[in-house]
Amino acid sequence: MSAWERLRIAVRYTFAFDGAQLSTFLSSLSMLGLVLAISLLILVLSVMNGFDKEMRERILGMVPHITLHSAIPIANWREQMALVGQHPDVLEVTPFTEFDALFMRGGQIETAKGVGIDSSDPAAVARQLAGLGEEAVAAFAAIPNSLILGVGIADHLGVKPGDELTLIVP
């Protein structure tokens with residue numbers, strides 16, 4: 001079948017020239033359904049691509065790609081850190097301590113996973129404090145032994161910046 005014949009048949013069933021309104025209505029309805037389906041598909045794909053970008057930049061940027069654990073304290077961790085950092089595919093090595101914790105304030109208790117970083121490592125501190133403003137970062141740096149809490153824990157305990165709470169690490 002040639003392209004001319006295909007075009008003739010498409011025009012015949014798309015527009016009502018001989019009083020065939022039912023076939024014209026059905027073909028118009030079909031085209032409208034295709035247009036809507038493709039539009040929704042493009043919209044959903046755009047949203048998912050934006051979500052994927054945000055997921056990679058914000059959420060996965062805070063999660064290490066590889067974590068090296070030890071059952072006993074590593075005495076020469078600086079040497080081990082330098083050894084891992086020598087690999088050509090490693091972009092950054094940051095030591096941290098991960099622990100289970102209880103946060104108490106008055107009668108409120110909340111459990112959480114704590115992450116301790118070295119405050120003298122500017123890259124690690126900048127990553128953790130990226131969501132805070134400059135004033136909050138300065139206030140955080142001015143107070144020794146300070147903590148950063150997630151919004152959920154802070155709301156549940158009813159704490160605000162500068163409030164004191166008890167941290168229990170088993």
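The following dialogue discusses how to read several features of this predicted model.

Colleague: Let us begin with charged side chains. How many salt bridges does the structure hold?

Modeller: Side chains of opposite charge can pair when their charged atoms come close. In this structure there are 2 salt bridges. One of them joins lysine 113 to aspartate 100, with the closest N and O atoms 3.1 Å apart. This pair links distant parts of the chain, 13 residues apart: lysine 113 belongs to strand E2 (residues 108-117) and aspartate 100 to strand E1 (residues 96-105).

Colleague: Is lysine 113 buried or exposed?

Modeller: Lysine 113 has a relative accessible area of 53% and is exposed.

Colleague: Which residue forms a salt bridge with arginine 105?

Modeller: Arginine 105 meets aspartate 163 in a salt bridge, at 3.7 Å from N to O. Arginine 105 is partly exposed, with a relative accessible area of 30%. Aspartate 163 also counts as partly exposed, at 34% relative accessibility.

Colleague: Let us turn to the strands. How many bridges join E1 to E2?

Modeller: In a regular strand the side chains alternate between the two faces of the sheet. Here E1 and E2 run antiparallel and are joined by 10 bridges. Among the paired residues, phenylalanine 103 has glutamate 110 in E2 as its bridge partner.

Colleague: Which residue takes a positive phi in the hairpin of E1 and E2?

Modeller: That residue is glycine 106, with a phi near 65°, in a hairpin that has 2 residues between the strands.

Colleague: Which residues form a nonpolar patch on the surface?

Modeller: The patch is formed by Leu22, Phe25, Leu26, Leu29, Leu32 and Leu36, which together have about 620 Å² of accessible area. Leucine 22 is placed in helix H2 (residues 21-59). Leucine 22 is exposed, with a relative accessible area of 61%; a residue counts as exposed because its value is over 50%.

Colleague: Finally, where is glutamine 86 found?

Modeller: Glutamine 86 is in the loop between helix H3 (77-85) and E1. Its relative accessibility is 61%, and glutamine 86 therefore counts as exposed. Between glutamine 86 and isoleucine 117 there are 21 Å in space, C-alpha to C-alpha, and the two residues are 31 residues apart in sequence.

How values were computed. Residues are numbered from 1 along each chain as its sequence is written. This is a predicted model: local features need pLDDT of at least 70, side-chain atom pairs count only at pLDDT 80 or more; totals for chains, interfaces and linings use all residues. Side-chain values use heavy atoms; hydrogens and water are left out. Patches are made of residues with over 30% relative accessible area and no salt bridge: like charges are joined within 9 Å, nonpolar side chains (Val, Leu, Ile, Met, Phe, Trp, Tyr) within 5 Å. Accessible areas come from the Shrake-Rupley method with a 1.4 Å probe; for residues, only the protein chains shown count as cover. A salt bridge is a side-chain nitrogen of Lys or Arg within 4 Å of a carboxyl oxygen of Asp or Glu. Helices (H or I, at least four residues) and strands (E, at least two) are DSSP runs, numbered from the N terminus. Buried means under 20% relative accessible area, exposed over 50%, partly exposed in between (1.4 Å probe, protein chains only). Two strands pair if DSSP finds at least two bridges between them.
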